[in-house]
Amino acid sequence: MAKVLYEKDGRIARITLNRPDVMNAIDMDIPHELAACVARANVDDGVHVVVLGGNGPAFCAGYDLTAYAETEGNNPGVQEMPWDPMKDYAFMKQNTDLFMSLWRSYRPVIAKVHGHAVAGGSDIALCSDMIVMSEDAHIGYMPVRVWGCPTTAMWVYRLGAERAKRMLLTGDKIDGREAERIGLVHKAVPADQLNAEVERLAERMAGIPVNQLMMQKLMINQAIESMGLYQTQMIATLFDGITRHSPEGMNFKKRAEDVSWKQAVRERDQGTFDWTANRPINAPL
């Protein structure tokens, strides 16, 4: 079964992340299938707008930590020491570029976020042109606490320096109401109104000629890209590799192997584990 679904509905292309049993966690296939669906929409003259969503209880819960963190040994995201930063960069930059197919899409993309859009899932959402969230959904990049740096770097371009630092120096999650208040997303609505709100917005865009939509999006994106987006993503992707291969990052990987990734993430997000000392905070020496 495809891990990303594609459907054309009149002038709207619907792209849906489809690993509902793991909250659409990102594996090796999802970035490629996502980009392929975006490419399919872009070669169809009948498609004016793309709606991106997720099956099941969440939009996307980030990278699949069962595969990348909990499973013992090396994987494409964690190398043996000494590690090769350029090998890691090539792997992660490819994923970043595949997520950025949403940004580069000639058709505007509306992300419909329910449940969670966290960690790598927030990267996907923030590469879209507009985000509509349910008020009770959550967005954030918790791996900034250990084992991650958002490779798409979209936080600063959407929020500005002060609010981006508030998010990325805490690793906090915020709900849809707060995300709308600080300007991270276009709009937050009650969960039972999410589909209708997204449909209204998509139908409004669908009535505009494709070339008009394309020109406006290219013009706005060019302003962001002129601010150094590519260079920022390059350093963010390098830093992401460092976070996973630093002493703290390797301690997180070992902790996930030993006690499960869910427990390691709980300790990370609650701030109860000293990843440098590799022991619970305030534990006896």
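Buried means under 20% relative accessible area, exposed means over 50%, and partly exposed is in between (1.4 Å probe, protein chains only). Keep that handy for the exercises below.

The model is predicted, so local features need pLDDT of at least 70 and side-chain atom pairs count only at pLDDT 80 or more, while totals for chains, interfaces and linings use all residues. Residues are numbered from 1 along each chain as its sequence is written, and side-chain values use heavy atoms, with hydrogens and water left out.

**Exercise 1: salt bridges**

Work out which residue Arg19 meets in a salt bridge, and whether that partner is buried or exposed.

Solution. 
- Step 1. Start with the cut-off: a salt bridge is a side-chain nitrogen of Lys or Arg within 4 Å of a carboxyl oxygen of Asp or Glu. The structure has 21 of them.
- Step 2. Look around Arg19: its side chain pairs with that of Asp27, at 3.7 Å from N to O.
- Step 3. Check the burial of each partner. Asp27 is buried at 10% relative accessible area, and Arg19 is buried too, at 16%.
- Step 4. Now widen the view: Arg19 and Asp27 belong to a salt-bridge network with Lys3, Asp29 and Asp64.
- Step 5. Arg14 and Asp9 meet at 2.9 Å, N to O; here Arg14 is buried at 16%, whereas Asp9 is partly exposed at 36%. Asp172 and Arg166 meet at 3.0 Å, N to O, with Asp172 partly exposed at 32% and Arg166 partly exposed at 36%.

**Exercise 2: the cysteines**

Solution. 
- Step 1. A disulfide is a covalent bond between the sulfur atoms of two cysteines. The cut-off used is a pair of cysteine sulfur atoms within 2.5 Å.
- Step 2. Cys37 is buried, by the way, at 8% relative accessibility.
- Step 3. Cys127 has its closest cysteine sulfur in Cys60 as well, 12 Å away and again too far for a bond. Cys127 is buried, at 0%.

**Exercise 3: Ser134 in its strand**

Say which strand Ser134 lies in, and which side chain it joins in a polar contact.

Solution. 
- Step 1. Helices (H or I, at least four residues) and strands (E, at least two) are DSSP runs, numbered from the N terminus. Ser134 falls in strand β6, residues 130-134.
- Step 2. Ser134 is buried, at 2% relative accessibility.
- Step 3. A polar contact is a pair of N or O atoms within 3.5 Å; within protein, one must be able to donate a hydrogen and the other to accept it, and residues adjacent in sequence count only if both atoms are side-chain atoms. The side chain of Ser134 has one with that of Asp136, at 2.9 Å.
- Step 4. Contact means heavy atoms within 4.5 Å. Beyond its neighbours within four places in sequence, Ser134 touches residues including Val113, His114, Gly176 and Leu194.

**Exercise 4: the cores**

Pick out which residues touch the most other members of the largest nonpolar core.

Solution. 
- Step 1. A nonpolar core is a set of buried Ala, Val, Leu, Ile, Met, Phe, Trp, Tyr and Cys residues joined through side-chain atoms within 4.5 Å.
- Step 2. The largest one has 61 residues, and those touching the most other members are Ile15, Val113, Ile124, Ile139, Trp155 and Leu184.
- Step 3. Helix α1 (residues 30-42) gives the most to this core, five residues.
- Step 4. There is also a second, separate core of twelve residues, with Val51, Val132, Val198 and Leu201 among them.

**Exercise 5: the two sides of α13**

List which residues of helix α13 are buried, then say which are exposed on the other side.

Solution. 
- Step 1. In α13 (residues 261-270), Ala264, Val265, Glu267 and Arg268 are buried.
- Step 2. These residues span an arc of only 160 degrees around the axis, so they sit on the same side of α13. That arc is taken over the directions from the helix axis to the C-beta atoms.
- Step 3. Lys262 and Gln270 are exposed on the other side of α13.
- Step 4. The cover over the buried residues of α13 includes α2 (65-70), α12 (247-259) and β10 (273-274).
- Step 5. After α13 comes Gly271, with a positive phi near 70 degrees.
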